Amino acid sequence: MSNIWTILETPFTVLAPMEGVTDCVFRAVIEKAGRPDLFYTEFTNVSSFASEKGRHDALERLTVKEKDKPIIAQIWGKNPEHFGNLAKELESMGFSGLDLNFGCPDRHVNKAGGGAAMIKTPDLAVECIKQAKENTNLPVSVKTRLGFTYTHEYKDWLSLLLNQNLAALTVHLRTRKEMSKVPAHYELIPEIIKLRNEIAPETKLIINGDIRDKNHVRELHEKYPEVDGFMIGRGVFANPFCFTDKIPTKDELLDLFKFHLDKYDEHAKEVERYPFEPLKHFYKVYINSFDGASDLRVKLMDCKTTTELRDKLSHFVASGGYDRG
Ligand SMILES: Cc1cc2nc3c(=O)[nH]c(=O)nc-3n(C[C@H](O)[C@H](O)[C@H](O)COP(=O)(O)O)c2cc1C
């Protein structure tokens with residue numbers, strides 16, 4: 001089996017895993033706008049996969065379409081055996097790799113011992129990596145933060161991870177305590193590159209935090225040529241075309257919104273339950289940069305179906321609701 005991490009050309013771009021965002025519908029949207037080199041799924045809990053109901057939901061979340069590929073499955077939890085069991089199944093599901101989430105700051109996730117809480121239980125983290133690796137031929141990677149409380153924790157924490165012979169390591173350049181409230185610590189990139197080069201030169205290093213778009217990736221690559229990959233998260237909300245050089249017009253954004261609605265409808269037919277409410281979080285991605293945008297968003301908030309949304313959008317455009325271009 002070919003290893004995706006050795007095939008990707010440097011510097012490669014990645015759409016960050018984002019719960020409630022990077023499902024197959026939004027991946028199709030970004031594929032249409034201009035895809036990154038690599039997609040990740042939202043994270044899936046390894047222990048919920050152990051129950052029958054959880055397994056069904058997880059399998060739905062982990063459905064991969066041909067156009068998603070190459071794509072990495074991201075998983076989280078704290079039970080090494082469960083990491084191994086899920087790792088076993090992922091190989092036949094179309095994934096190019098398996099990523100362990102050791103960075104999520106969510107209180108519930110951390111209370112359950114997962115995500116960034118792993119930084120505080122390094123022996124358990126090592127055991128989870130070991131079980132994942134022993135149970136799959138897929139390359140195993142980790143996404144994490146600099147530390148739990150203090151930035152200097154990165155020295156021990158990232159060294160420990162780099163000693164696990166990982167295929168790739170993504171570092172979100174903040175601590176768990178910092179959440180996303182402070183600027184990403186780009187000043188630590190040279191030190192992190194040095195650690196990677198000393199301990200695990202074969203492990204691909206991906207940097208994450210506040211990266212805006214392709215142009216920003218170019219700038220960062222010029223400054224830090226030894227970083228292999230650049231992962232963009234929230235930048236995609238500011239510009240869903242961020243993996244291209246395009247600055248979209250309002251019409252292009254509106255067209256992409258309609259495409260999003262079409263993909264939503266397609267997926268809603270395929271799965272048992274695909275709620276409408278979370279779709280509202282995306283309105284601002286497409287409707288944000290023209291006079292009347294916020295009024296239109298308010299009107300769209302009352303819609304309960306994609307048909308209503310399309311009607312309101314058509315009415316807005318037909319009534320000359322905004323200055324095209
Ligand atoms: C809505 C949302 C959901 C997220 N869900 C996940 C997740 O499932 N797994 C993960 O590793 N990180 C998750 N993250 C963190 C992002 O992957 C990324 O590390 C973070 O947003 C910093 O990158 P940025 O500054 O480019 O946004 C999430 C972030 C957001 C905003």
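**Figure 1. The loop that holds P70 in the predicted model.** P70 lies in the loop between helix α3 (52-61) and strand β3. The model shown here and in the other views is a predicted one. The peptide bond that joins K69 and P70 is cis, with omega at about 0°.

**Figure 2. The cis peptide bond at P11.** The loop between α1 (4-7) and β1 contains P11. Between T10 and P11 the peptide bond is cis, and its omega is near 0°.

**Figure 3. The loop residue N165.** N165 belongs to the loop between α7 and β6 (168-172). The phi angle of N165 is near 55°, which is a positive value in a residue other than glycine.

**Figure 4. The open sheet of eight strands.** The strands follow the order β1-β8-β7-β6-β5-β4-β3-β2, and their pairing is parallel. At the edges stand β1 (12-15) and β2 (39-45); each has a single partner strand, so one side of each is left without a neighbour in the sheet. On average, neighbouring strands of this sheet are turned by 25° against each other, direction ignored.

**Figure 5. The pairing of β2 with β3.** Strand β2 and strand β3 (residues 71-76) run parallel and are joined by five bridges. Within this view, F39 stands opposite I71 of β3. Strand β2 is also one of the two edge strands of the sheet, with a single partner strand.

**Figure 6. Helix α6 against the sheet.** Helix α6, formed by residues 122-134, lies across the strands β4 (97-102) and β5 (140-145). The helix runs at about 165° to β4. In the strand order of the sheet, β5 and β4 stand side by side.

**Figure 7. The packing of helices α7 and α8.** Two packed helices are described by the angle between their axes and the distance between the axes. For helix α7 (residues 154-162) and helix α8 (residues 189-199), the angle is about 35° and the axes are 10 Å apart. The crossing of this pair is right-handed. On the α7 side the contact involves Y154, L158, S159 and L162, which meet I192, L195, R196 and I199 of α8. By class, the residues of this contact are six nonpolar, one polar and one charged.

**Figure 8. The packing of helices α2 and α11.** Helix α2 (residues 24-34) packs with helix α11 (residues 250-270) at an angle of about 145°, and their axes are 9 Å apart. The two helices pass each other in a right-handed crossing. From α2, the residues C24, V25, A28, V29, K32 and A33 take part in the contact, while α11 provides L256, F259, H260, K263, Y264 and H267. The contact of α2 with α11 comprises eight nonpolar, two polar and two charged residues.

**Figure 9. The contact between the two domains.** The protein chain is divided into domain 1 (4-238) and domain 2 (250-318). A distance of 29 Å separates the C-alpha centres of domain 1 and domain 2. Nine residues from domain 1 and nine residues from domain 2 form the contact. On the side of domain 1 that touches domain 2, helix α2 gives the most, with six residues. This side of domain 1 divides into six nonpolar, one polar and two charged residues.

**Figure 10. The surroundings of the ligand.** The ligand is surrounded by 23 residues. The closest of them are A16, M18, F43, G233 and R234. By class, the shell around the ligand consists of eight nonpolar, ten polar and five charged residues.

Terms used
Residues are numbered from 1 along each chain as its sequence is written. This is a predicted model: local features need pLDDT of at least 70, side-chain atom pairs count only at pLDDT 80 or more; totals for chains, interfaces and linings use all residues. A residue is near a molecule or strand if its C-beta atom, placed from the backbone, lies within 6 Å of it. Ala, Val, Leu, Ile, Met, Phe, Trp, Tyr, Cys and Pro count as nonpolar, Asp, Glu, Lys and Arg as charged, and the others, Gly among them, as polar. Axes are lines fitted to C-alpha atoms, for helices over the stretch in contact, and angles run from 0 to 180 degrees between N-to-C directions. Helices (H or I, at least four residues) and strands (E, at least two) are DSSP runs, numbered from the N terminus. A crossing is left-handed if the near helix is turned anticlockwise from the far one by less than a right angle, and right-handed if clockwise. Two residues are in contact if their C-beta atoms, placed from the backbone, lie within 7 Å. Two strands pair if DSSP finds at least two bridges between them. Domain bounds come from an automatic or database domain assignment.
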